[in-house]
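Here is a short report on how side chains meet inside one protein chain. Keep the sequence and the 3D view open as you read.

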Amino acid sequence: MPAGFPDFRLGSVLATSFTATLTERHGDAVERIPTPRRLVDWLAVTGLDVEACTTAELDLARELREAIHAAATATALHETLPEPAVRIINEHSAQGRPVAVLTPTGERRWRVSRVEDALSVIAADAIGLIAGERDGRFALCASPTCRAAFFDASQSRTRRWCDMNTCGNRQKKARFNASHRKNSGSDS
């Protein structure tokens with residue numbers, strides 16, 4: 001990846017990996033797709049290769065990202081889906097013309113040529129998740145600065161963190177340090 005940009009947070013779920021292109025939403029927000037080229041990079045990493053992206057397409061991608069995040073958050077909280085988010089997700093799902101292809105190893109991949117096609121695949125994935133078509137549940141990250149909506153497909157459905165390597169470790173380290181300070185203070 002090009003120097004100067006934060007790493008992508010990639011998971012196994014396309015729609016929530018896409019919402020993770022903006023992290024620390026309740027702290028010092030980190031934009032992981034600040035430029036059109038960076039969106040092209042993220043799409044390539046997820047198997048949705050496009051050649052180029054305009055600033056207007058980046059704006060549309062961010063609009064979809066925020067709509068998915070709003071709908072996923074509402075789902076995690078068992079609230080009514082926000083109508084504007086539903087409208088945006090549906091519009092993006094309908095606008096693209098991605099083509100599903102079968103690889104020689106029996107996997108489904110998407111052939112896309114435009115950003116619009118890639119956004120259609122992401123929107124369709126979000127629709128399937130929110131509609132309950134996959135085994136799992138939406139949850140919100142327990143980190144007070146993150147609060148990312150993530151899809152928990154673990155066997156127990158008790159995940160607390162969007163990403164154990166970042167939010168989970170940060171919280172565990174904070175608890176350890178607080179405990180260590182408390183124990184050190186009682187030795188005096």
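A residue is called buried under 20% relative accessible area, exposed over 50%, and partly exposed in between. Glu66 has 30% relative accessibility, so Glu66 counts as partly exposed. Keep in mind that this is a predicted model.

**Salt bridges**

Side chains of opposite charge can pair when their charged atoms come close. A search of the whole structure finds 13 salt bridges. Three of them are listed here.

| Salt bridge | N to O distance |
|---|---|
| Glu66 and Arg25 | 2.6 Å |
| Arg134 and Asp125 | 2.8 Å |
| Arg157 and Asp135 | 2.7 Å |

Take Glu66 and Arg25, which meet in a salt bridge. This pair links distant parts of the chain, 41 residues apart. Glu66 sits in helix α3, residues 55-76. Arg25 sits in the loop between β1 (22-23) and β2 (30-31). Is Arg25 buried or exposed? Its relative accessibility is 19%, so Arg25 counts as buried.

Now turn to Arg134 and Asp125, joined by a salt bridge. Arg134 is partly exposed, at 34% relative accessibility. Asp125 is buried, with a relative accessible area of 17%.

The salt bridge between Arg157 and Asp135 comes next. It also links distant parts of the chain, 22 residues apart. Arg157 lies in the loop between β6 and α6 (164-185). Asp135 lies in the loop between α5 (115-130) and β5. Asp135 has a relative accessible area of 63%, so this residue is exposed.

Some salt bridges share partners. Such bridges join Arg25, Glu31, Arg62, Arg65 and Glu66 into one network.

**Aromatic rings**

A pair of aromatic rings is described by the distance of the centres and the angle of the planes. How many aromatic pairs does a search of the whole structure find? It finds two.

Phe18 is in helix α1 (residues 14-19), and Trp42 is in helix α2 (residues 36-45). The two residues are 24 places apart, so to speak, in distant parts of the chain. Both Phe18 and Trp42 are buried.

The other pair is Phe138 and Phe151. Their centres lie 5.4 Å apart with the planes at 75°, so this pair is edge-to-face. Phe138 belongs to strand β5 (residues 137-140) and Phe151 to strand β6 (residues 149-152). The pair therefore ties together parts that are 13 residues apart in sequence. Phe138 is buried, at 8% relative accessibility. Phe151 is buried too, with a relative accessible area of 6%.

A ring can also meet a charge. The charged end of Arg38 sits over the ring of Phe8, 3.8 Å from the ring centre.

**Nonpolar cores**

Back to Phe18. The largest nonpolar core has 37 residues. Which residues have the most contacts inside it? They are Phe18, Leu39 and Ile122. The elements that give two or more residues to this core are α1, α2, α3, α4 (83-95), α5, β5 and β6.

Leaving out residues up to four places away in sequence, Phe18 touches several others, including Leu39, Trp42, Ala61 and Leu64. Arg65, Ile68, Leu119 and Ile122 are also among its contacts.

Another core lies apart from the largest one. It has eight residues, among them Ala148, Phe150, Trp161 and Cys162.

**Cysteines**

How many disulfides are there? The count comes to zero. Cys162 is in no disulfide. Its nearest cysteine sulfur is that of Cys146, 3.7 Å away. A disulfide would need the two sulfur atoms within 2.5 Å. Cys162 is buried, with a relative accessible area of 19%. Cys53 is buried as well, at 14% relative accessibility.

**A loop residue**

Finish at Ala142, in the loop between β5 and β6. Ala142 has 28% relative accessibility, so it counts as partly exposed. Not counting residues up to four places away in sequence, Ala142 touches Arg147, Arg160 and Trp161. Arg159 is 17 residues from Ala142 along the chain, and their C-alpha atoms are separated by 9.2 Å.

Key: Residues are numbered from 1 along each chain as its sequence is written. This is a predicted model: local features need pLDDT of at least 70, side-chain atom pairs count only at pLDDT 80 or more; totals for chains, interfaces and linings use all residues. Side-chain values use heavy atoms; hydrogens and water are left out. Rings of Phe, Tyr and Trp (its six-membered ring) pair if their centres lie within 6.5 Å; planes under 30 degrees apart count as stacked, over 60 as edge-to-face and the rest as tilted. Helices (H or I, at least four residues) and strands (E, at least two) are DSSP runs, numbered from the N terminus. Buried means under 20% relative accessible area, exposed over 50%, partly exposed in between (1.4 Å probe, protein chains only). A charge sits over a ring if NZ of Lys or CZ of Arg is within 6 Å of the ring centre and within 35 degrees of the ring normal. A salt bridge is a side-chain nitrogen of Lys or Arg within 4 Å of a carboxyl oxygen of Asp or Glu. A nonpolar core is a set of buried Ala, Val, Leu, Ile, Met, Phe, Trp, Tyr and Cys residues joined through side-chain atoms within 4.5 Å. Contact means heavy atoms within 4.5 Å.
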